[in-house]
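Please walk through the helix packing and the loop backbone of this model.

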Amino acid sequence: MQFNQIIGHAALKARLIGNIREGRVPHAQFFLGPRGSGVLPLALAYATYLFCGQRGEGDSCGECNACKMMAKLAHPDLNMAFPIFLSKEVKTCEPFVADWREAVLGEPYLDAERWRECLKGDNKQLRMGVDIAAEVVRKLSLKSFSGGWKVMLIWLPEMMDPAMANKILKVLEEPEPGTAFLLAGHANDRILPTILSRTQLVKVAAPDPGEVAAAVQLRHPEMAAGEARAIAARSEGDLLAAQAMAEGRPEKTFHFFRDWLRACFAGKMEEVAVHTDEFAKMGREEQKGVMEYALFMMRQCMLQWQDLPQLVTVSGEELDFVRKFSALLGAENLAGIRTELEAAHGHLGRNANSKILFIDLSGTLGQLLRPKAVQAR
Ligand SMILES: [Zn+2]
């Protein structure tokens with residue numbers, strides 16, 4: 001991955017490159033930004049530039065041995081740690097390095113949900129445990145293969161168990177000279193303060209809508225510019241979500257969400273039960289994705305309800321839904337619905353029982369939605 005393959009982030013790229021050129025390479029940096037913002041591609045481009053034998057002023061050369069190996073994520077001094085499904089038998093990343101490479105090469109904006117799909121993990125929770133910490137410490141005790149920099153990339157550090165975090169603190173604080181830790185993740189509030197305080201923060205902002213639209217069109221040259229812009233506006237700066245929309249993935253989520261809310265509103269418990277079963281079968285990240293989508297659609301409904309239809313970015317079936325559904329909303333239930341969805345999203349992140357959570361949520365949403373409808377009649 002080279003900097004020129006990453007859309008947007010011009011100022012940040014220039015700063016990162018400048019730092020390396022001036023010999024200012026922090027021992028630990030944390031690329032932190034929202035999902036789909038490019039924290040992982042940026043960390044990889046940074047590592048490529050660090051390893052490159054013929055650095056240009058604005059990017060790695062792309063032609064030297066180091067660059068060629070980095071293009072396959074196979075540079076021997078690139079070490080990585082990432083979340084896996086920990087079990088009695090499997091405790092380290094080593095057996096999954098080839099899968100991880102393939103996943104990242106296929107989608108450099110990879111997120112936990114897609115990684116879970118690659119590992120075929122159904123409902124299991126991705127984690128990094130204490131044995132991965134031992135793996136990190138061991139790898140960093142080895143000499144650099146190429147005689148230059150050694151990089152330890154930790155992807156999604158928010159999924160570290162406290163035991164792992166504690167075990168890497170010392171090496172994170174004072175690694176051997178010539179070692180660069182690159183952490184790349186999304187959730188600030190779930191990272192232990194001890195980790196945050198030992199790393200230099202590299203804040204990665206979400207790309208702006210114009211950049212997202214350009215990225216979508218790059219992968220889908222057949223798409224009309226207007227459609228790409230509409231997708232970009234809807235993605236709220238999440239490039240991965242934008243790509244998924246361009247590939248038609250969200251349709252499934254929309255239909256699930258729409259039919260579920262209708263069942264909640266109508267109080268049809270048998271239908272809610274069917275949706276509950278379907279929800280329980282989804283992976284944890286997919287479940288969180290449903291809640292994120294629901295929150296997005298609530299914001300859309302709110303704009304419609306506030307008589308700001310020019311700010312509503314959805315179209316087609318989704319727009320029909322927003323127009324009809326916003327009639328059920330009012331000051332008395334909007335805040336409550338959002339609070340419930342946000343709380344559900346948070347509980348899912350803390351491994352709540354998804355079935356119980358979804359049934360409770362369905363009941364509460366039904367109650368919140370109905371009073372307005374009664375008044376309206
Ligand atoms: Zn090079």
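Predicted model: local features only at pLDDT ≥ 70, side-chain atom pairs only at ≥ 80, totals over all residues.

Numbering starts from 1 along each chain as its sequence is written.

Start with helix H9 (residues 209-219) and helix H11 (residues 239-246). Helices here are DSSP runs of H or I with at least four residues, numbered from the N terminus. The two pack at an angle of about 45 degrees, and their axes are 10 Å apart. Axes are lines fitted to C-alpha atoms over the stretch in contact, and angles run from 0 to 180 degrees between N-to-C directions. H9 is therefore oblique to H11. Oblique covers what is left after under 35 degrees (roughly parallel), over 145 (roughly antiparallel) and 65 to 115 (roughly perpendicular).

On the H9 side, Val212, Ala215, Val216 and Arg219 make the contact. They meet Leu239, Ala242, Gln243 and Ala246 in H11. Contact means C-beta atoms, placed from the backbone, within 7 Å.

Now the loops. Most residues other than glycine have a negative phi. Glu236, in the loop between helix H10 (225-235) and H11, has a positive phi near 55 degrees. Asp307 sits in the loop between helix H14 (284-305) and helix H15 (316-325). Its phi is also positive, about 65 degrees.

How exposed are they? Glu236 is partly exposed because it has 17 C-beta neighbours inside 10 Å. Asp307 is exposed, with 8 other C-beta atoms within 10 Å. The cut-offs are 20 or more for buried, 12 or fewer for exposed, and partly exposed in between, with C-beta atoms placed from the backbone.

How values were computed. Contact = placed C-beta atoms within 7 Å.
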